[in-house]
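Subject: Structure handover and notes

Hello,

Here is the structure for your work. My notes on what was found in it follow below.

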Amino acid sequence: MNRLRRLHCLPVDFATDTRDALSRTKPPPVAARLLAGVLAFSTALAPAAAQPEAAQPEVAQPSRLPALGESASDDLSVGAERRLGEQIMREGRRDPQYLDDPVLLDYLQQLWGPLVATARSRGDINAETDQAFAWEAFLVRDRSVNAFALPGGYVGVHLGLIGLTTTSDQLASVLAHELTHVTQRHIARSIAPQQRASMLAIASMLLGVLAASRSNNMDAANAAIMGGQGMAIQSQLNFSRDMEREADRVGYGVMTQAGFSTFGMAAMFEKLDVATRLNDNSGFPYLRSHPLTVDRISEARNRALLAGGTPPAPTLQHAVMQARARVMADDNTAAWQRFNGGSSSPLLADRVGALYGGALAAALLKDHGRAERQADEAQRLATSATPRDAKAERAITLLQAQLQLARGDAAGALVRLDALGPLAASTSTSTSTSTAASTSTSASTVTAASPSTSTSASTSALPSAASGTPRPTLLLRAQALLDRQRAAPGSVQPALRDSTEALQTWVAEHRQDATAWELLAASADALGLRLRSMRAAAEARAVVGDLTGAIDRLRAAQQLSRSATGQDFIEGSVIDARLRQINAQRRQLQLEAREARGGRSAPDDTLPN
């Protein structure tokens, strides 16, 4: 079953280790179990009372205000939540639906970055979680409308959600809501209510068994059991609704302080409400995990009205990103044929978006002539806008370069990319403390004709390079130079060397970008830099969790570095150090896996690789 489609409703059972430990012990007598259940029931429901304790030396505790409700750290520490998130992501990154499209991810980061920065400045992100959590947003190739938060600061966004939104403010409202689930530690805080609800259900079952044994009335027993289960479910629902209201309230503050429109959240709620009433199918899983209530919708509307102003008009940039998400949400020709580039809307943004989507779909269908005609028309309309949208024009130029590269015109693609020049600092900035990138089955998957669905991981859109070159341009130019070098060896040798050095600088700052590591490996290999190529290929495998593959490549590089043809002391020293680090990482993961099973050994193929 698809892993990423289960992530938003992933049943994380935090009591698994406890149950496993109990299952390995000899069960106590029935009377003792009943007594223990009743005691647990009374303990869970009774108010906390003062308990006599042995004298303990007083230890100064750091002030952590505010501390409202359950203590999240007591149930799931920041470190444990981070490890849990990494474990989930190691599985998710192997899913083919995990998407690394540099263009869409760059746009997503333009929204995600300011939200994270604002949450940090407000104090929603403290020093501990700031350093420990990933704060990474990533894409999922799925046409359903959904977004979800995972432990450890990971937020997933389905392409169907981007395709539904009509403004960046609507999309930012969902990102702010999911970000708040992370900053407010909702996953950790939900453990205590779940434990109480479980104890309530167990206690009701025990009381029902006792009632049946004394009265021989099974109806009374069933009534007691069902009543307790109902109370347990209701308590969980109440807590979930409280967290949703808190995420709405805090998320609204984050998005407005980050500069997004106050109407974004209200408009998104209304769009979801209308869509789910008109089409009540399984295409809106977001509403199952985030139920829309009248209170939530009315509160969002009231906040927008009190703030004043007018709803923002759709931008050209969001229109082309919405079209790109709609096309890439499907991976079959029947779906792509529906995007013909036409639009009956009088709005310029809708017409430009339709042409952009039609051009991308035509490229995927190998109709390169239509693709280039529609992309050129989209650029002509975009340049006629008043005021002009430089980000939208740049996105269309990138598409035109991708189309040329897809039909084998690497030289033409390079001309367009070189004309783009550096990106203004305001276009794409990063506040993410840790980003993860995906690898693809081929480095050429950054082209429009073969968008990267990746066999592994995607990255939240990574920041621009120090030179001002954004990640999409950096990767696409490296691919174009590589294709040009392969078609005419030696024709772009100096430019390819400069591109390789730029990629080396990039991955030195963004070590989790597997796609860049793969392009670096291919570029270095084309230049005859075998050690650098082998190490880059190993790093790409390590990023996506294939530690065995990384170790194999590093060992091969180590042997080469010690041979007569591979003398490079600096590169060899780096390879030796990385081999030790990755070996230690794999041993640690295997140790954690054994501890999770209570010390039982298992075959090597069941351990993390």
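Helices (H or I, at least four residues) and strands (E, at least two) are DSSP runs, numbered from the N terminus. Arg471 lies in helix 21, and much of what follows is arranged around that helix.

This is a predicted model, in which local features need pLDDT of at least 70 and side-chain atom pairs count only at pLDDT 80 or more, while totals for chains, interfaces and linings use all residues. Residues are numbered from 1 along each chain as its sequence is written, and side-chain values use heavy atoms, with hydrogens and water left out.

Overall

The chain has 26 helices and four strands. Of its 609 residues, 50% count as buried (under 20% relative accessible area, with exposed over 50% and partly exposed in between; 1.4 Å probe, protein chains only). Taking contacts (heavy atoms within 4.5 Å) with a separation of 6 or more, 72% are between residues 24 or more positions apart.

Arg471 counts as buried because its relative accessibility is 1%.

Helix 21 (residues 471-487) and helix 23 (residues 514-526) have axes that come within 10 Å and cross at roughly 25° (axes are lines fitted to C-alpha atoms, for helices over the stretch in contact, and angles run from 0 to 180 degrees between N-to-C directions). Helix 21 is therefore roughly parallel to helix 23 (angles under 35 degrees count as roughly parallel, over 145 as roughly antiparallel, 65 to 115 as roughly perpendicular and the rest as oblique). The crossing of these two helices is left-handed (the near helix is turned anticlockwise from the far one by less than a right angle; clockwise would be right-handed). By class, the contact of helix 21 with helix 23 has seven nonpolar, four polar and two charged residues (Ala, Val, Leu, Ile, Met, Phe, Trp, Tyr, Cys and Pro count as nonpolar, Asp, Glu, Lys and Arg as charged, and the others, Gly among them, as polar).

The axes of helix 21 and helix 22 (residues 493-509) also come within 10 Å, crossing at roughly 145°. This crossing is left-handed. Arg471, Leu474 and Leu481 of helix 21 are among the residues in the contact, as are Gln493, Leu496 and Trp506 of helix 22. By class, the contact of helix 21 with helix 22 has ten nonpolar, three polar and one charged residues.

Helix 20 (residues 410-420) has buried residues that include Ala410, Leu414 and Leu420. The buried residues of helix 20 pack against helix 19 (390-406) and helix 21. Gly421, with a positive phi near 70°, follows helix 20.

Backbone points to check

Most residues other than glycine have a negative phi, and most peptide bonds are trans.

- The peptide bond from Thr386 to Pro387 is cis, with omega near -5°; Pro387 is in the loop between helix 18 (368-383) and helix 19.
- Trp135 has a positive phi, near 50°, and sits in the loop between helix 6 (127-132) and strand 2 (136-140). Trp135 counts as buried because its relative accessibility is 0%.
- Arg185 has a positive phi of about 55° and is in the loop between helix 8 (168-183) and helix 9 (186-189). Arg185 counts as buried, at 7% relative accessibility.

Regards
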